Amino acid sequence: MSIVTRTAQTDAPILDVLADRWSPRAFVSEPVDAAKMASALEAARWSPSANNVQPWRFIVGTKGTATFDTIAEQLVAFNRGWAAQAGALIVAVAETLDDEGNERPWAIYDLGQAMAHLSIQAHSDGLFAHQMAGFSADGIREAFSLPDGLVPFTVTALGELGEPELLPEGMLRDRETAPRERRPLADLVIVQE
């Protein structure tokens, strides 16, 4: 049961790398290539941010390292069941306070842009990313001694695409091969003149 195509059927033309990007749960259980990881992180580094503050930080655990295992331990059981097979786990951290303790209200938005750039670069290099909110932020904060103002926001499984048969039979495997769906573009635009 191999995946034939997962290319999005779009309402308007978009770049191939965007149409082809999707978030699998089946990964090859091998560490991510270091050069591809560096490129993904470099793409995140060059993403836009308010006032060029760059309020994002990353905790990167490559398969087979203590950092990877620590991140995996903080995932909810459902996510741990499949994400622990990925080649890397990346915690996306928002720097929500400046040096004077003032809030950075756009930090999470900017972190999201950085992760978007990371995922598109990774996909362009033959990797796949699956971002998750199902993890213990407090557990990550404690495990990596994060100070106030550094907020773990998501964890991303990153790696090469594995076969759906690697997943347990049932919901996970079915979701991996189901057609991709999105709301129509017309449902998302409130006003356009």
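What follows is a chat about a predicted model of one protein chain.

Student: Okay, what is the chain built from, and how many helices and strands are there?
Tutor: This is a predicted model, and its protein chain has eight helices and four strands. Starting at the N terminus, the order is α-α-β-α-α-β-α-β-α-β-α-α. The radius of gyration is 17 Å, close to the 16 Å from the globule rule for 193 residues, so the chain is as compact as a globular protein of that length.

Student: What does the C-alpha trace span along its principal axes?
Tutor: About 55 × 50 × 30 Å.

Student: And how much of the chain counts as buried?
Tutor: Of the 193 residues, 37% count as buried. The chain exposes about 11,000 Å², with carbon and sulfur atoms supplying 51% of that.

Student: Which residues touch the most other members in the largest nonpolar core?
Tutor: Trp-82, Leu-89, Met-132, Val-155 and Ala-157, out of 24 residues in that core. Two or more residues come from each of helix H3 (66–73), helix H4 (77–83), strand E2 (88–95), strand E3 (128–132) and strand E4 (150–159). There is also a second, separate core of 18 residues, which includes Ala-40, Ala-88, Leu-118 and Ala-122.

Student: Back to Trp-82. What is it in contact with, leaving aside neighbours within four places in sequence?
Tutor: Trp-82 contacts Pro-24, Arg-25, Phe-27, His-130, Met-132, Ala-157, Leu-167 and Leu-172.

Student: How many of the chain's contacts join residues at least 24 apart, as a percentage?
Tutor: 75%, counting contacts between residues at least 6 apart in sequence.

Student: An arginine, then. Buried or exposed?
Tutor: Arg-6 counts as buried, with 12% relative accessibility.

Student: While we're on charges, how far apart are the mean positions of the positive and negative ones?
Tutor: They are 3 Å apart, for 15 positive and 27 negative charges.

Student: New topic, backbone angles. What is phi at Asn-51 and at Ser-145?
Tutor: Phi of Asn-51 is near 55°, a positive value in a residue other than glycine. For Ser-145, phi is near 50°, and that too is a positive value in a residue other than glycine.

Student: Where do those two sit?
Tutor: Asn-51 is in the loop between helix H2 (34–45) and strand E1 (56–62). Ser-145 is in the loop between helix H6 (137–143) and E4.

Student: And are they buried or exposed?
Tutor: Asn-51 is exposed, at a relative accessible area of 76%. Ser-145 counts as exposed as well, at 62% relative accessibility.

Terms used:
Residues numbered from 1 in each chain as written. Predicted model: local features only at pLDDT ≥ 70, side-chain atom pairs only at ≥ 80, totals over all residues. Heavy atoms only, no water. Rg over C-alpha atoms; globule rule 2.2 N^0.38 Å. Buried < 20%, exposed > 50% of the residue type's maximum accessible area, 1.4 Å probe, protein only. Contact = heavy atoms within 4.5 Å. Areas by Shrake-Rupley, 256 points an atom, 1.4 Å probe, with all protein chains shown as cover. Lys, Arg positive; Asp, Glu negative; His and termini not counted. Charge placed at Lys NZ, Arg CZ, Asp CG, Glu CD. Core = buried A, V, L, I, M, F, W, Y, C linked by side-chain atoms within 4.5 Å.
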